[in-house]
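Dear colleague,

I am passing this structure on to you, and I would be glad if you could look through it with the notes below at hand.

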Amino acid sequence: MGQQRDVRAPETTARFRAALRDSGLAQREVSRAIALDETKLSKSLSGARRFQPDELFAFATVTGVTVSWLLTGTDSDGESTAAPSPGALPSRLPNIPADRG
């Protein structure tokens, strides 16, 4: 088994760690929220493993940042977010009649 190499630039890895820290969530909580094994999350945060696209999106969503910011350090489009704003989501499901017969 050889040494693990950094698959991302140090500044990118630092943004992932900053997003985690600034979210106020523990690494374990984020791991559970995005359904990613804690070891894989730890390796991804250290730069030894790349996030898969779905993991990247989930991580951004849970930590409250954009995918663009995680990858580039900027949000070129102020409207571009990892997830829709809470106001864009329905507050509850529409009423569906129980009797369909």
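This is a predicted model: local features need pLDDT of at least 70, side-chain atom pairs count only at pLDDT 80 or more; totals for chains, interfaces and linings use all residues.

The chain has 5 helices and 0 strands, so that, read along the sequence, its pattern is α-α-α-α-α. Of its 101 residues, 29% count as buried, and the accessible surface comes to about 7200 Å², with 52% of that area belonging to carbon and sulfur atoms.

Helix 1, which covers residues 10-23, has 14 residues and reaches 20 Å from its first C-alpha to its last, close to the 20 Å expected at 1.5 Å a residue. Its buried residues are Thr 12, Thr 13, Arg 15, Phe 16, Ala 18, Ala 19 and Leu 20, and these pack against helix 2 (27-33), helix 3 (38-46), helix 4 and helix 5 (67-72). After helix 1 comes Gly 24, which has a positive phi, near 80 degrees.

Turning to the aromatic rings, the count comes to 3 aromatic pairs. In one of them, Phe 16 and Phe 51 are stacked, with 4.9 Å from centre to centre and 10 degrees between the planes. Because Phe 16 lies in helix 1 and Phe 51 in the loop between helix 3 and helix 4, this pair ties together parts that are 35 residues apart in sequence. Phe 16 counts as buried because its relative accessibility is 1%, and Phe 51, at 11% relative accessibility, counts as buried too. Phe 51 also pairs with Phe 59, and since the ring centres are 5.3 Å apart and the planes stand at 45 degrees, that pair is tilted. Phe 59 is buried, as is Phe 51, and ring pairs link Phe 16, Phe 51 and Phe 59 into a cluster.

Finally, where does Glu 55 sit? Glu 55 is placed in helix 4, which runs over residues 53-63, and with a relative accessible area of 12% it is buried, because this falls under the 20% cut-off. The side chain of Glu 55 makes a polar contact of 3.0 Å with the side chain of Arg 49. Leaving aside its neighbours within four places in sequence, Glu 55 is in contact with Ile 34, Leu 36, Arg 49 and Arg 50.

With kind regards

Key:
Residues are numbered from 1 along each chain as its sequence is written. Side-chain values use heavy atoms; hydrogens and water are left out. Helices (H or I, at least four residues) and strands (E, at least two) are DSSP runs, numbered from the N terminus. Buried means under 20% relative accessible area, exposed over 50%, partly exposed in between (1.4 Å probe, protein chains only). A polar contact is a pair of N or O atoms within 3.5 Å; within protein, one must be able to donate a hydrogen and the other to accept it, and residues adjacent in sequence count only if both atoms are side-chain atoms. Contact means heavy atoms within 4.5 Å. Accessible areas come from the Shrake-Rupley method with a 1.4 Å probe; for residues, only the protein chains shown count as cover. The expected span of a helix is 1.5 Å times one less than its number of residues. Rings of Phe, Tyr and Trp (its six-membered ring) pair if their centres lie within 6.5 Å; planes under 30 degrees apart count as stacked, over 60 as edge-to-face and the rest as tilted.
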